[in-house]
Amino acid sequence: MRGAGHYSEALAGRGAEVVAVEGSKRMIGHLRRRVARQADGRVHVHRHDLERPMPFLADGSCDGAVLALVVHHIDHRAELFGEIPRVLRPGG
């Protein structure tokens, strides 16, 4: 997840474990404040440039991906769209 944490908060509130990824220092502050309400630790926040590989995620380690309001901010989409299938589990 990327951004101010709205989707991360909603997914975690429904029981999902979330890996939230954001490159902007300002937005990561918003995200961390929003998900701090999730005291059970289901939101794992990473400040990271989505135009680079995500070494903190293993192959097939994610059930799904939400790219809401992010693609238009990415110049090198091929890298991102290569990474997403790598981290998704089969059928994810």
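Is Leu-11 buried, partly exposed or exposed? Leu-11 has 32% relative accessibility, so it counts as partly exposed. A caveat before going on: this is a predicted model.

Now, where does Leu-11 sit? It lies in helix α1, which runs over residues 6-13. Leu-11 also belongs to a nonpolar surface patch.

Which of its residues are buried? Ser-8, Glu-9 and Ala-12. They cover an arc of only 100° around the axis, so they fall on the same side of α1. What covers them? The cover includes strand β1 at 18-22, helix α2 at 25-35 and strand β2 at 43-47. Then comes the end of the helix. Just after α1, Gly-15 takes a positive phi of about 100°.

Next stop, Glu-83. This residue is in helix α3, residues 77-87. Buried or exposed? At 9% relative accessibility, Glu-83 counts as buried, because the cut-off for that is under 20%. Which side chain does the Glu-83 side chain meet in a polar contact? That of Arg-86, at 2.6 Å. Now look further along the sequence. Leaving out residues up to four places away, Glu-83 touches Arg-52, Pro-53 and Met-54.

To recap, two residues to look at on screen. Glu-83 is buried, with its side chain in polar contact with that of Arg-86.

How values were computed. Residues numbered from 1 in each chain as written. Predicted model: local features only at pLDDT ≥ 70, side-chain atom pairs only at ≥ 80, totals over all residues. Heavy atoms only, no water. Patch = residues over 30% accessible without salt bridge, like charges linked within 9 Å, V, L, I, M, F, W, Y side chains within 5 Å. Areas by Shrake-Rupley, 256 points an atom, 1.4 Å probe, with all protein chains shown as cover. Salt bridge = Lys/Arg side-chain N within 4 Å of Asp/Glu carboxyl O. Helix = DSSP H or I, 4+ residues; strand = E, 2+ residues; numbered from the N terminus. Buried < 20%, exposed > 50% of the residue type's maximum accessible area, 1.4 Å probe, protein only. Polar contact = N/O pair within 3.5 Å; in protein donor to acceptor, adjacent residues only side chain to side chain. Contact = heavy atoms within 4.5 Å. Arc of directions from axis to C-beta.
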